[in-house]
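Here is a brief report on one model.

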Amino acid sequence: MATALITGASQGFGRALLGALVAQQWTCVVDAPDTEALQAATAGMPGARAVSGDVADPGHRADMVAAVGGRLDLLVHNASALGPSPLPRLADHPLDALRQVYEVDVVAPLALTQLALPALQAAPAPTVVVLSSDAAVRAYSGWGGYGSAKAALDHLAAVLAVEHPEIRVYAFDPGDMRTAMHQAAFPGEDISDRHEPAAVVPALLQLLEERPGSGRYRAADPLTATR
Ligand SMILES: NC(=O)c1ccc[n+]([C@@H]2O[C@H](COP(=O)([O-])OP(=O)(O)OC[C@H]3O[C@@H](n4cnc5c(N)ncnc54)[C@H](OP(=O)(O)O)[C@@H]3O)[C@@H](O)[C@H]2O)c1
């Protein structure tokens with residue numbers, strides 16, 4: 001039976017992906033900082049192993065990898081910090097908040113990948129996915145903190161793919177989704193025209209099934225690498 005580790009699965013895209021993988025008989029180790037919210041998200045899912053905590057916490061990362069056991073088929077770096085809302089221009093970006101964004105969005109995924117590498121290498125066809133954003137490749141006012149962190153994460157994924165050809169490494173840009181993070185980026189705005197996260201999951205599942213070469217992919221065109 002295949003095992004996945006998905007960070008940030010109490011709501012949004014991570015929760016939707018968890019539901020889809022469990023329905024396909026995957027075992028999924030998942031986290032989120034809020035224990036009750038994570039328990040509610042995984043209730044009734046025998047394939048889900050909930051380990052609540054903050055991905056930026058080294059002890060928590062070790063607990064998650066321990067919960068995986070010896071073999072990890074899929075590692076999805078989905079948990080993310082947006083930074084202050086409303087989004088500040090770079091001239092005003094609080095530096096402590098920027099450090100926190102980088103800890104969650106860049107340092108934690110690399111640290112978790114380092115810890116999980118032996119289990120990934122024990123899988124027959126291992127895959128690592130980082131959730132990217134168009135803010136990683138386009139310059140939008142207010143998105144410099146989060147966007148630069150996602151650009152760094154994309155680059156870590158690209159280098160990891162070169163250093164570990166035995167692992168497929170995908171930076172996956174889901175496009176705009178109707179989630180708490182998206183609402184925080186657009187406070188007070190009606191975001192009801194954005195896709196539900198569950199509508200984006202099939203694009204990632206297609207990527208996982210088809211296993212094209214490592215690279216950066218967009219949900220809108222899931223089998224065409226953009227880098
Ligand atoms: N939504 C969009 O339009 C959009 C667009 C492009 C890319 N993305 C990316 O897609 C991914 C999912 O975003 P989303 O919109 O689904 O976000 P979301 O609805 O806000 O969900 C994020 C999940 O991650 C958890 N989380 C946050 N910080 C964490 C931490 N430090 N440690 C562990 N778990 C943590 C959250 O738990 P709590 O709720 O308890 O904080 C929640 O379960 C992110 O990487 C995001 O950058 C989103």
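## A161

Is A161 buried or exposed? A161 is buried, because its relative accessible area is 17% (buried is under 20%, with a 1.4 Å probe and protein chains only). A161 lies in helix α5 (residues 144-163); helices are DSSP runs of H or I, at least four residues, and strands are runs of E, at least two.

Beyond its neighbours within four places in sequence, A161 is in contact with V169 and S214 (heavy atoms within 4.5 Å). Its C-alpha atom is 9.3 Å from that of G213, 52 residues apart along the chain.

## Basis

This is a predicted model: local features need pLDDT of at least 70, side-chain atom pairs count only at pLDDT 80 or more, and totals for chains, interfaces and linings use all residues. Residues are numbered from 1 along each chain as its sequence is written, and side-chain values use heavy atoms, leaving out hydrogens and water.

## Aromatic rings

There are four aromatic pairs (Phe, Tyr or six-membered Trp rings with centres within 6.5 Å). Y170 and Y217 pair edge-to-face, at 5.4 Å centre to centre and 85 degrees between the planes (edge-to-face is over 60 degrees).

The charged end of R194 sits over the F186 ring, 5.3 Å from its centre (CZ of Arg within 6 Å of the centre and within 35 degrees of the ring normal).

Technical notes: Buried means under 20% relative accessible area, exposed over 50%, partly exposed in between (1.4 Å probe, protein chains only). Rings of Phe, Tyr and Trp (its six-membered ring) pair if their centres lie within 6.5 Å; planes under 30 degrees apart count as stacked, over 60 as edge-to-face and the rest as tilted.
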